[in-house]
Amino acid sequence: MNERQLQILRELGELGSVTATAEALLMTPSAISQQLRLLQRSIPVPLTERDGRRLVLTDAGQALAGAAIEVETALARARHTIEEFVDQPDADVSVAAFHSAAAAFFPLLLGQDGPGRPQLSLADEDVAQDQFPRLTRDYDLVLAHRLDQAPPWPTTVTAGTLLREPLDIALPADHPLAAKRRLTPRDVADQPWITVHDGFPLMATIDAISTAANRRLNIVHRINEFTVVAEAVAAGGGLALMPRWTTRPHPALILRPLSGVHARRHIDVLHRPERAARRAVRLVLTELDRAAATIQGRDVSAGSGGNETPADEA
């Protein structure tokens, strides 16, 4: 028994013939008869009977046709409810992001808060790269990162790129290498290093630096949170890779671009395809694009602190 079969039974009861029912529902008479036979298989008593050349409803058929009206009414109400939900601009939208993206994007999203806007629920999720798609089960939108050369995200999620962000070398402002406008793998290979944990995207760039310099880097600290990394670099703990746009400037640090290695990461927004059917989710996607443009458009080279890179390197 399904909605279409109940609709056919109802129309047959009102119109009184298979032909009229077929015309009303834009079906062929044979298709009407087939659906009635399928419906009858699930019902232990006859629903129709012959009255001369006409097919009419039995008492049981009339009872079920009456119930069909209630079913159709309930379904129409349910469709209307879901349409309102899908089209509601101020519905709840959950967004997860890894730490540096959260620090850069979340304030911009929250700064647009107001009546008629989506109600945001924000969370930080610092996971290994292959774990980001799984987060789309729990959140409407997930900000994830991967390196340029990394494989694309699985086809089970929809992905859009918000930023293609350069990765620079962070070093103390008074470090001898700070005098250089650009660094090479050989320049930095003999320095102590602060890196992320294994499994996180930036490690592939660390490996590329090691390969280009033809020597193993001396990794002395493993820290994922860039605000902590910045403090460790400023304290002389070693050099580090840091994103150019999504980390806060530190007065004691200098960022220098790296030559000879493709050092750039994507910040992507992931979601399950069906999530974008909701108007509120689409509105937040638009706000994320605007936030990305704001982040990239910040004039880093105009900052008063030592955290500067050549503007044409972006």
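View A. N224 is found in the loop between β8 and α9 (226-234). Helices (H or I, at least four residues) and strands (E, at least two) are DSSP runs, numbered from the N terminus. This is a predicted model: local features need pLDDT of at least 70, side-chain atom pairs count only at pLDDT 80 or more, and totals for chains, interfaces and linings use all residues. Residues are numbered from 1 along each chain as its sequence is written, and side-chain values use heavy atoms, with hydrogens and water left out.

**View B. The surroundings of N224.** Neighbours within four places in sequence are set aside here. N224 is then in contact (heavy atoms within 4.5 Å) with D126, V196, H197 and F200. The side chains of N224 and D126 are joined by a polar contact of 3.2 Å. Such a contact is a pair of N or O atoms within 3.5 Å; within protein, one must be able to donate a hydrogen and the other to accept it, and residues adjacent in sequence count only if both atoms are side-chain atoms. A polar atom of the N224 side chain also lies 2.9 Å from the backbone nitrogen of H197.

**View C. Strand β7 and its partners.** β7 (residues 192-195) pairs with β8 (residues 218-222) in the parallel sense, over four bridges. Pairing requires at least two bridges found by DSSP. β7 also pairs with β9 (residues 239-243), again parallel, over two bridges. I194 stands opposite H221 in β8 and opposite A240 in β9.
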